[in-house]
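Hi everyone, thanks for coming along.

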Amino acid sequence: MKNRVVAPTICVVLALMAAACGGGGDSDSDPPAAPPPPPNVPAPPGSPPAPPPPPPPTVGANSVAQVKADAIGSHEAIPTGLTTTGPLAGQRTPPAGTVAFGGYGELYIAPGHAATNTRVQLRNFETYALRGGRWTRVQYSERVAGAAYTMNYGGIGAAADVRAEANGMSVRPVNGTVFRFWPQSGLTGFAQSPVPFNNLEAVFTTVQARLITDAGQTDDRARARMVVSTAADWVSTGSLYATEMPSPANILAGTPMGVGKLRLVGNDWGATNFQSATGAQVDALGEAQESGGIAPIANSSRIDAPAAKRVILIGDSITEGSSSPVQNSFRRPLWNSVVGDASNPLVDFVGTRSGVRSLGGTCGNPASLTTPPSIPDFDTDHEAYWGWCVNDVAAVLPGSLAALAAQTGASRIDNRRPDVALVHLGTNDILQQTQNPSLIAGELANLVGQLRAANRNIRVVVAQVIPVSRGDATESNQVPVLNSQIAAQVASLSTTESPVTLVDQFTGFNAATDLYDGVHPTDAGEQKMAAKWLPALKDAIR
């Protein structure tokens, strides 16, 4: 990747127009330079050389140079009461007892801050890991989670004013506190993760930030002084970040991988970074890769960064997963496959649920108690219910979709209405209610109608369900019949405005080896399901 350069100065622009600003002669009376010849026509002998084309304007909020600069020098401002020595690279190897690593950020009010109407908007927190000479994105979160702590994490601070935005979220921090934030997916880099903490060569974290003022209020951003940085920790505690606010003790128990420079937040989107890499390794962040690695410089877009595509995963226990026995669900490998290839559009899994089942759950009798997944290195939001039939899910789906598209005032800043839906339902209808397959397929068609009522342009991907292997052969024989009915329904439902596509989760799934109890997938089964979903999801989000 070529580094972007700054926009041309007025002098250069005028030189291109009329050879002014000291170019083309020794005095104001010199004649103008000859115009450049047409393309592919040699210039006449003695003609002055044609001026070079103007450099492209700066459009990026990040660059290789900035990533390097954020690791050296002094903080741009230091909040009162903060103990800091500047940006630093901490322990590069995992200490004993490490269970994961994770990126985070910190937001402070700096001395001289006098704005009362200004907030800091944050978006696109990303973590990349270098392993085997290759940078791979391991975390992405358009919005961040976070909480306020007293300086140096001596305790819980006064609650910050946090608000969801159409793109990211915003915070009005409290003076004398630190607002610590982290990706909504929690930690990454567990030993079982696609890029585990073992043998890491370097880590890179980045977030975008800017100052905003509420509509109708006096714009006092010129009086604002707030600073933000990103960092990463080795973690040895049970704090998962995905579903809880970590205690100050858990935060202090982490071993710093390092922290980047505290940068003053400006009116335009700008990135702030931490990295523990060598100069050559940082240079590699600017090299485009077709797949499996990163796109040129994370957070490089200033203005036109689109909102993430909202993806809702609708299903039963096969989609939800459980804590005992451990079943992370296909959602985990699917998320990591999409996020790990940064050439994909940004995604956001949405839903009103985020845990996995710990007990209970049949058609008409929901499993109400949920716990975090055992490895929460993914966006855990979903709309799946252990033990439920299609009509049970359909009964609550309109309310869930309305909650995701909730409006705050007139600005509709909390809209997480799904753009894409992945649906795997129908297994419990056969196992518990022995319903007619054509009736089940009809209920799925009604569910597609509910999705379209919330978003007429939604793209829906419906699965032919995985096989079952229990004692009753009648049940297992009904699954292929259901799948043929689902295929027929999908063919009749798809429209140009709202395409409905089919994913065959049945073919190639081995009921004898890919199910741990005759119904629910093993780790190998989850990987197979994710591999089937992935091409359809990538097509739907593009």
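This is a predicted model: local features need pLDDT of at least 70, side-chain atom pairs count only at pLDDT 80 or more; totals for chains, interfaces and linings use all residues.

Let's begin with strand S14, which covers residues 309-315. How many of its seven residues are buried? Six of them are, so the strand is mostly covered, taking buried as under 20% relative accessible area.

Now look at the partners of S14. With strand S17, residues 347-350, S14 pairs in the parallel sense over four bridges, and there you can find Val-311 opposite Phe-349. S14 also pairs with S21, again in the parallel sense, over five bridges; here Ile-312 has Ala-421 as its bridge partner. Then there is strand S20, residues 383-384, joined to S14 by two bridges in the parallel sense, with Gly-315 opposite Ala-384.

In soluble globular proteins, nonpolar side chains tend to be buried together. Here the largest nonpolar core has 33 residues, and the members touching the most others are Ile-314, Leu-425, Leu-447, Leu-451 and Val-460. Several elements supply at least two residues each, including S14, H7, S21 and helix H10. Which element gives the most? That is H9, with six residues.

Click on Ile-314 if you like. Leaving out residues up to four places away in sequence, its contacts include Val-393, Leu-397, Ala-421, Leu-447 and Leu-451. Apart from this core lies another one, of 30 residues, with Val-503 and Met-529 among them.

Now for the residues that stand out. Asp-392 sits in helix H7, residues 390-404. This aspartate is buried yet has no salt bridge, and the nearest side chain of opposite charge, Arg-353, is 12 Å away. Not counting residues up to four places away in sequence, Asp-392 touches Cys-363 and Gly-364.

For Asn-199 the angle is about 65°, and for Ser-329 phi is near 85°. Asn-199 lies in the loop between strands S8 and S9, while Ser-329 is in the loop between strand S16 and helix H6. Are they buried or exposed? Asn-199 has a relative accessible area of 59%, so this residue is exposed. Ser-329 is at 0% relative accessibility and therefore counts as buried.

That's my tour, and I'm happy to take questions.

Terms used:
Residues are numbered from 1 along each chain as its sequence is written. Side-chain values use heavy atoms; hydrogens and water are left out. Buried means under 20% relative accessible area, exposed over 50%, partly exposed in between (1.4 Å probe, protein chains only). Lys and Arg count as positive and Asp and Glu as negative; His and the chain ends are not counted. A salt bridge is a side-chain nitrogen of Lys or Arg within 4 Å of a carboxyl oxygen of Asp or Glu. Contact means heavy atoms within 4.5 Å. A nonpolar core is a set of buried Ala, Val, Leu, Ile, Met, Phe, Trp, Tyr and Cys residues joined through side-chain atoms within 4.5 Å. Two strands pair if DSSP finds at least two bridges between them.
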